[in-house]
Amino acid sequence: MKGTKKRNELLEALEGETARWVAEGIIEPAQRERILLRYSSLMEAQERGGPGQLVTTISIMGSVLVGVGIVLFVASNWSLIPKGLKLAIVLFAMLASYGAGYYLRYERGNYPKVGASLILLGALIFGAGMFLVAQIYHISAHYPNGPLLWGLVILPLAYLLRLQALMALAIVDLLIWLALEAHWHLPPHGLFSYLALTPLFLTAGVVLWGLGLMHREYPPLRGIGGPYVAIGCLVTLATGFILTFDPLRLAPRFGVVYSFCLGATVLFIPSVVARLLLKERQRWSGAECLGLFLIVVVVLMSYRRGYYPPLRENSKLIFNLLFALEIVGVVALGYVRRYAVYVNLGLLFFGLFLLARYFDLFWDLLPRSFFFIVGGLLLLLGGIFLERHRRRILSKLALQEARE
Amino acid sequence: MRVKFVLAVSLQLLVLLGIIAYRAHWVATGHRVVLRTTPVDPRDVFRGDYVDLRYEISFLKPAQLGTKERFARGDRVYVGLELAEDGTCRASSLSKTRPAEGRFIQGRVVDTVDSSRCEILLREDSGLLRTLLVSSACPGLKKGSRTTLCTREDGTVLHYTTPERPVGRECARGKQLVGIIEDLKVQGGQSLHVDYGIESYFVEEGKGRAIESSRNARDLRVEVSLREDGKGIITALRMGERELK
C-alpha cells in the first residue's frame, strides 16, 4: 500500500512537470504521453517484482529448510524413535503442511504466498517420506523409481492448484529420474559414459520446452506452462552449450540412449500437433517447433557413429553454429513474444558462449598475464554491455505490454 | 476445489501407506534365510549412514555351480540356496529360469567378466590341422561347422565367421584361414556380479563407519525375508548375537 501511494505521488509530480515542459515547448504532447506511460509501467513492474517476489522467495526457502530439518531430526534420532513413530511424524507433518497451506491460500486467502509455500513443503515432505520408507525397509533395488514416483504423484496436485513451484519440483524430480534411469541402463564405461547423457538431456529439454509452449497456448493450462518453458529452455541451452565443446567425440555410443530419446520424442510430437491445431497461434510458432525438432535430429545424427560422416568430422563447428542460432532464435522469440525468460537466458548463454570461445582461441596465442587482463576487461565491459542491453529489451517489452 | 485437493493429497497418502503395507506384509509372511555378509565402503548420505553390503552370493561363477548358461548384464537370475552348518545359506545352483522347488533368491546381473578361452582344432581346406586360440567362449561355433578365421602369426584368432554370420570383417592385419572345426574346448568361464536388492542397510548417522571398522565385521550376518518369487528384503543385521539398528 505504501509503495502504491509513493508511486501515485511520483506520477502526479511527473504529470505536473511534463505539462510545464509541453507548455514551454521543450517536448511535444505525444512525447509527454510516452514518458508518462514509460514511468507508469516501469513502476508498476517494479512494484509487482518487489516485496511480493521477496515473500515468495523467503517462503520457499523457509519450506525447504523446514523439510530438511524434519528429515535430519528423524535421521539423527534413528534408533531412539520407533519405526511407527518415524512414519507418524512424517505423515502428520505432510498432512499438516498441506492443510495449513490450503487454508491460508484458498480458505482464508489472506496469505496466498505463504500458503503456496506450505503446499510445496507438503510435497517435499511426501518425497522425504518415500525415502524414509525406503530406509526403514532397507530398499535399495532400482533407486530411480523413487524420484519417478515422487514426480508423478505430485503432478496431479500441481495441475489442480496451478502452482508453478510445485510443477517445477515435479519436473526436476522427473529429470533426476531420467538421469538415474538412463545411467542405470548404461554399461559401465567410466566417466565418459556420462557424456552420452548430453544428447538425451538436450532432447528432454526440447520436449519440456514444446510441452510448455503447448500449455501456454491453451488458456486453461496457461498459468502452469512457465516452469516447463523455463526449465526446458534452460536445459536445452545448457546442453547446447556443453555440446559446443564437442564432448560426443569422447562419448561411448549406447543404443539405450536412442530408446530414451525416442520415448521423449513421442511426448514432443503430440505437443506440436496440439499447437498446430489451434486457430490462433503465437507468432513464429511453426518455425520454433521446426527449429527445436531440427536441433534434436542434428544432435542425434552426430551421436550415432558413422551415420553421416561429414556431420561427425565437422561436429564442433556444427554444434557451435547450432548453438549460436539457438541463442539468436531465443532472444528474437523473447522479443517478439515478450517472454522475459527467453531474453534473460539467451543473453546469459551468449555471454558464456563468448567467454568459452575466448578461452579456446586465445589461451595458446597470448601470454598468460595479457590473456587474463584482456579476458577480465572483456568480462567487465561485456557484462555491462549485456546487462544494459538486457534492461533495454525488458523495458521495451514492459512498455509494449503497458500500451496494449 | 476442496474435494479435488483432498483427493490429490489422499493419493499421496495412499502411495506412502501402500508401500508401507506391502513391505510390512512381505516382512511378516516371507521365508527367512540368513546370509553371511561383509560391509563395503559405508558412505555418509544426506539422510544418515548406510552400510553397503556384499554377500558370498554377490559374486558367482556359473561353471562352479554346474550351469552352462551364458549370462549378460541385466539378466534376471535365480540362485538356489542351501543351508550350511553355521546356519547361513550358500549358493547351490544358478539359473535364468525360476526353480520349481527349494529355497532360492532372485537377483539381477549387474556386471559380467568373461575369462573364457577357447581352443580350436581346425582342418584347413588343404587338409592341414592347426590349433588356434580364441579369447572368448567361441559363441556361434561348434564342432563340424565351417568357418573363416582371421589369425595372428602366434595362432590367436582376431575374429571369425559363424554359420549365422557367414560374411566376416576384412582380415587386414592377419592371415585368413578357411576350414572345418574338428574339435573345440572351452576353458575358464564367466564371473558374475549379482545384485539382490538387499545391498544397503540404513543405520543411524555416524554408525556406518563404526560397523565397517568393527573387529567383528567379519561375523556380520543379514536376515532376509524371501517372497515366493525369490525377491528378498532385509529384516535384520546381526554382528555375532547382537542386532544392529
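Predicted model: local features only at pLDDT ≥ 70, side-chain atom pairs only at ≥ 80, totals over all residues.
Residues are numbered from 1 along each chain as its sequence is written, and chains are lettered from A, with ligands numbered from 1, in the order in which they are written.

Chain A has 15 helices and 0 strands, where helices (H or I, at least four residues) and strands (E, at least two) are DSSP runs numbered from the N terminus. Of its 404 residues, 33% are buried, a residue being buried if 20 or more other C-beta atoms, placed from the backbone, lie within 10 Å of its own. Two residues are in contact if their C-beta atoms, placed from the backbone, lie within 7 Å, and among the contacts in chain A between residues at least 6 apart in sequence, 70% join residues at least 24 apart.

Helix α14 of chain A, residues 340-362, has 23 residues and reaches 33 Å from its first C-alpha to its last, close to the 33 Å expected at 1.5 Å a residue; the expected span is 1.5 Å times one less than the number of residues. Among the buried residues of α14(A) are A:Y342, A:L345, A:F349 and A:F350.

Elsewhere in chain A, helix α8 (residues 197-217) packs against helix α11 (residues 285-303) at an angle of about 170 degrees, with their axes 10 Å apart. Therefore α8(A) is roughly antiparallel to α11(A), a term for angles over 145 degrees. The contact includes A:L202, A:V206 and A:W209 of α8(A) and A:L292, A:I295 and A:V299 of α11(A).

Chain B, by comparison, has 2 helices and 16 strands, and buried residues make up 25% of its 245 residues. Five of these strands are described next: 5 strands form an open sheet in the order β8-β7-β11-β9-β10, with antiparallel pairing, where two strands pair if DSSP finds at least two bridges between them. Strands β8 (129-134) and β10 (157-160) of chain B stand at the edges, each with a single partner strand, so one side of each is left without a neighbour in the sheet. Within this sheet, strand β9 (residues 146-151) and strand β11 (residues 175-187) of chain B pair in the antiparallel sense over 6 bridges, and B:C150 stands opposite B:Q176 in β11(B).

Key:
Buried ≥ 20, exposed ≤ 12 C-beta atoms within 10 Å, placed from the backbone. Axes fitted to C-alpha atoms, helices over the stretch in contact; angles between N-to-C directions. Parallel < 35°, antiparallel > 145°, perpendicular 65-115°, else oblique.
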